[in-house]
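Here are my notes on the model you sent over. Have it open while you read.

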Amino acid sequence: MIGIASDHAAFPLKQFVKQYLEEKGLEYKDFGTFTPDSCNYAEFGHALGYAIENGEVEKGIAMCGSGEGISMTLNKHQGVRAGLCWIPEIAHLIRQHNDSNCLVMPGRFIDNDMARKIMDEYLNTEFEGGRHQLRVDSIPVCK
């Protein structure tokens, strides 16, 4: 199960992401926004972040205008490793080296064709583990 979330600026991209996931036969849960009306990206980023942390969804795909705000929000969650991608090569690396469990895309800066390429790369790349596991294990903040 893949969770998706966006703000108003990336709402058109989120609609494309839903179409893409349906074409691939992948199940998803939409955490909002549900309209193109102005909204707060953090509300939807936190909803997705909690769902990743509690295992309701395995991975996430999130979007906002720049991708930065929703990425910052998602990365406040200890169980989330969100990476902002605007080209497929970065999507490959955040999966291969960082075991990213949430792809973030900038809705105002990429078109649907680029989003498709990024999602293809993200969803088809496995975590390499090994030396990278030690780095991933050091990401969470200990209390």
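Which residue in β5 is the bridge partner of Ala 82?

1. Cys 102 is the partner of Ala 82. A word on sources: this is a predicted model, where local features need pLDDT of at least 70, side-chain atom pairs count only at pLDDT 80 or more, and totals for chains, interfaces and linings use all residues. Residues are numbered from 1 along each chain as its sequence is written, and side-chain values use heavy atoms, with hydrogens and water left out.

2. Strand β4 (residues 82-84) runs parallel to β5, with three bridges between them; strands pair if DSSP finds at least two bridges. Helices (H or I, at least four residues) and strands (E, at least two) are DSSP runs, numbered from the N terminus.

3. β3 is also parallel to β5, joined by five bridges. Here Ala 62 sits opposite Val 104 of β5.

4. β5 has five of its five residues buried, meaning under 20% relative accessible area (1.4 Å probe, protein chains only). Cys 102, Val 104 and Pro 106 lie on one side, with Leu 103 and Met 105 on the other.

5. Now α2 (residues 41-53): its buried residues include Phe 44, Leu 48 and Ile 52. The buried set packs against β1, β3, α3 and β5, where contact means heavy atoms within 4.5 Å. After the helix comes Gly 55, with a positive phi near 80 degrees.

6. Two backbone spots to check: the Gly 32 to Thr 33 peptide bond is cis, omega near -5 degrees. Asp 99 is not a glycine, yet its phi is positive, about 50 degrees; you'll find Asp 99 in the loop between α4 and β5.

Notes:
Buried means under 20% relative accessible area, exposed over 50%, partly exposed in between (1.4 Å probe, protein chains only).
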